[in-house]
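Subject: Structure handover, with notes on two interfaces

Dear colleague,

I am passing on the structure below, followed by notes on what was found in it. Please read them alongside the coordinates.

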Amino acid sequence: MTALKVTDLSITFRESSREVHALGPVDFEIEAGEFLCILGPTGCGKTTLLRTIAGLEKPDTGEVDIPLHPDGGGPVIGFVFQQGALFPWMSIFANIEFSLKAKKIDKVIRRQKVESILEMMGLSSFSSSYPHQLSGGMQQRAALARSLVMDPDLLLMDEPFSSLDMRTSQELQENLRELLKKASTTVLFVTHNIEEAVYLAGEVIVLGHRPGRIVRREIIDLPDRRSRLSDTFTEYLVSLRKTFESLVSNP
Amino acid sequence: MAWSTLVSLVRVALGFSLAGLIGIPVGLLMGASVHVRKFLSLMVEMARPLSAIALLPLSIIIFKARTFSQLFGLEHLRYQKCLLNEMQLGMIFILFWGGVFPIILGTIQGVRSVRKMHLEAAGILGAGRLFAFRHVIIPSALPDIFHGLKLGIGRCWMVIIAAEMLPGTNSGIGYMIRYSYQLSRYDIMLASIVIVAFIGALFSKGLESLGEKSLVLRSRER
């Protein structure tokens, strides 16, 4: 089953009198349960693409098609921002509870759901802390928990680990893989970090410089438990790096 | 002197609460809706520079010397020493006038300074307009609302002292200052001035510490 279908999508920004053709046209689709990574250099419009899919920007041409939720309602979309999107005036518990409260879910069920996700993410002891009391890594973990508690049909992630140091970022990548093994959520993940893409994704799409277009699609045929040091891992890394370098040398 | 101070304090309490009760909702609406803002901002900008003191004679004409005790039909208290007797409506009205504009402007500022990312996050998390207003916009606006309240109460306190020095009342700490001047009791006059300064500082510090918590939570994230 297709979880997301993007057809002929292109976006232009108008700032005062200037027009910037930011993206496209691009076409791609994701099967349910897949993990697709969009890899591209800074300024290629990958964040714009993600925001358009989330409905935060309007496309000039083309369509974003996300099938309805199995129970007939609109699709549930999760979005993890780069950083700082937690509500600073709410505790971690209240942040995660937000979407359930907005949907007027019963208080007892809300509490159960939030507590189970806190436990799963190793955040139980931070339940009553405020975001500013947490490290950057823990904040992003909480942001991920806030999206996962909705049980999204499609999870969009906008360079969620790029502001973290390498060690923390790798740790969160490992966590994410384990979580998704259990949840089988469809994920569209945007990054400029090639290693991150190879480690996480089932398939990688490389976007070129502005206006971003798809320059390469690559299925990452690696086992579920990935080692960053294995030969095949390094081969993917080198091959994608070459594509990247060619983009930089002749944009 | 205690009586005069109490009279002034209760007047400010009434006028300032009224300013808050009206100023905050108006500010929230003006901050949230472009239409309301466009509609009301000209009026606010015209009314704001009009000094409250300048309006005292007019408001005495409009409200006569009517006081709260008359408003509540307690005419028989007229010749007794009673707080309600000293709450001239005209005086409360100019206090409201003095306090309401900083509160409106602070609230608008607060609503408009909400981070776009927080609103987007709320939308994606399924929050409707009202829910986002209640749980995202208002909490992010709180520090600015408190700032507006602090400026507002400072204005009210200045206005009431000046107003009490003018005709229309024979009570309150401002009246005390003028009256002791006329009797050449400069000791009482100076004591009153010290009280005015002290209470003004208390108001400002009090509201500041109330607003502190919300400010800390918001600013750390920025």
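A polar contact is here a pair of N or O atoms within 3.5 Å, where, within protein, one atom must be able to donate a hydrogen and the other to accept it, and where residues adjacent in sequence count only if both atoms are side-chain atoms. This is a predicted model, in which local features need pLDDT of at least 70 and side-chain atom pairs count only at pLDDT 80 or more, whereas totals for chains, interfaces and linings use all residues. Residues are numbered from 1 along each chain as its sequence is written, chains are lettered from A and ligands numbered from 1 in the order in which they are written, and side-chain values use heavy atoms, with hydrogens and water left out.

Within chain A

Chain A is divided into domain 1 (2-76 + 152-249) and domain 2 (84-151), with bounds that come from an automatic or database domain assignment. The C-alpha centres of these two domains lie 25 Å apart. Between them the rule finds 3 residue pairs in polar contact, both residues being at pLDDT 80 or more, and the count of salt bridges (a side-chain nitrogen of Lys or Arg within 4 Å of a carboxyl oxygen of Asp or Glu) is 1. A:R141 forms a salt bridge with A:E171, their closest N and O atoms being 3.4 Å apart.

In terms of contact (heavy atoms within 4.5 Å), 13 residues of domain 1 meet 11 residues of domain 2. The buried area, which is the accessible area (1.4 Å probe) that two parts lose on being put together, summed over both, is about 1100 Å² here, with carbon and sulfur atoms giving 73%. Of the area that domain 1 buries against domain 2, A:P152, A:L172 and A:L179 supply 42%, more than any other three residues.

Between chains A and B

The contact between the chains takes 25 residues from chain A and 19 residues from chain B, and the area buried is about 2100 Å², of which carbon and sulfur atoms give 71%. A:W89, A:F98 and A:H132 supply 32% of the area that chain A buries against chain B, more than any other three residues.

Across this interface the rule finds 1 salt bridge, and A:R51 forms a salt bridge with B:E120 in which the closest N and O atoms are 2.7 Å apart.

Best regards
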